[in-house]
Every structure is written in C-alpha cells, then in structure tokens.
Amino acid sequence: MTLRRFIIERDIPKVGTFERAQLRGAAAKSNEVLDQLAPDIQWVESYVADDKTFCVYLAKDENVIRKHADISGFPATKITEVKKMIDPTTAAS
C-alpha cells in the first residue's frame, strides 16, 4: 500500500501559547491513536502557529485522517492532499 502525503490544518485556539508539557501531552495522545490506526497513517511533522497547527501526514486516504481526528479529539479543519513537491533545487532540474 502506498501512503499519500497530506497537510492537515487544525484550528486550535491559542495553541501557539501552549507550554512544552502541553505539546508533549498532545503528541503523546496523537501517537497513541496513530498506533491504533497503523499502518494506514503516519505523522511526519507539525508546525505550530498562533491559533492553528499545520500537520504533515502520510496516510492511505482522507478517511483515516478524519478517524484519527475523531479519536484523538484534534480537529481536522482542512485536509489537503499534496500532489507534488518542489524546493529551491527544482529550478536547476
């Protein structure tokens, strides 16, 4: 099975003010749910802003991302599949 790359936008008020311990707890809860849903989903990384997080996931489909959101309690406000990736080296190729 090939996992596809997704960006998940999560509206979480004041998440940018969370202390390290709060973020650690959120990561632990997410990992617990990911273990239940494996191998259909994998968390790559997340970016924390003021009132949102932007998470990069590898997943079988959007449904498993929504299931993760439902079980973990972390909203999946917007899910976008990544179709292609570019970086500065793309200009040279």
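Me: What makes a stretch of this predicted model a helix or a strand, and where does that leave Lys14?
Reply: Helices are DSSP runs of H or I with at least four residues, and strands are runs of E with at least two. Lys14 belongs to the loop between β1 (4-11) and α1.

Me: Why is Lys14 called exposed?
Reply: The cut-off for exposed is over 50% relative accessible area. Lys14 has 56%, so Lys14 is exposed.

Me: What makes the phi of Lys14 worth a remark?
Reply: Most residues other than glycine have a negative phi. Lys14 is not a glycine, yet its phi is positive, about 60 degrees.

Me: Which peptide bond is cis, and what is its omega?
Reply: The bond that joins Ala38 and Pro39 is cis, with an omega of about 5 degrees. Most peptide bonds are trans. Pro39 sits in the loop between α1 (20-37) and β2 (41-48).

Me: Why is the contact of Glu81 and Arg4 called a salt bridge?
Reply: A side-chain nitrogen of Lys or Arg must lie within 4 Å of a carboxyl oxygen of Asp or Glu. For Glu81 and Arg4 the N to O distance is 3.0 Å, so the pair qualifies.

Me: How do you know whether Glu81 and Arg4 are buried, partly exposed or exposed?
Reply: Buried means under 20% and exposed over 50%, with partly exposed in between. Glu81 has 25%, so Glu81 is partly exposed. Arg4, at 34%, is therefore partly exposed too.

Me: How do you know that Glu32 and Lys29 form a salt bridge?
Reply: Their closest N and O atoms are 3.6 Å apart, and the limit is 4 Å, so the pair counts. The two residues are three apart in helix α1, which means a separation of about one helical turn.

Me: What separates Glu62 and Arg66 along their helix?
Reply: Glu62 and Arg66 are four residues apart in helix α2 (residues 62-72), so about one helical turn separates them. Their closest N and O atoms are 3.0 Å apart, in a salt bridge. Glu62 is partly exposed at 31%, and Arg66 is partly exposed at 38%.

Me: How many salt bridges does a search of the whole structure find?
Reply: The search finds seven.

Key: Residues numbered from 1 in each chain as written. Predicted model: local features only at pLDDT ≥ 70, side-chain atom pairs only at ≥ 80, totals over all residues. Heavy atoms only, no water. Buried < 20%, exposed > 50% of the residue type's maximum accessible area, 1.4 Å probe, protein only.
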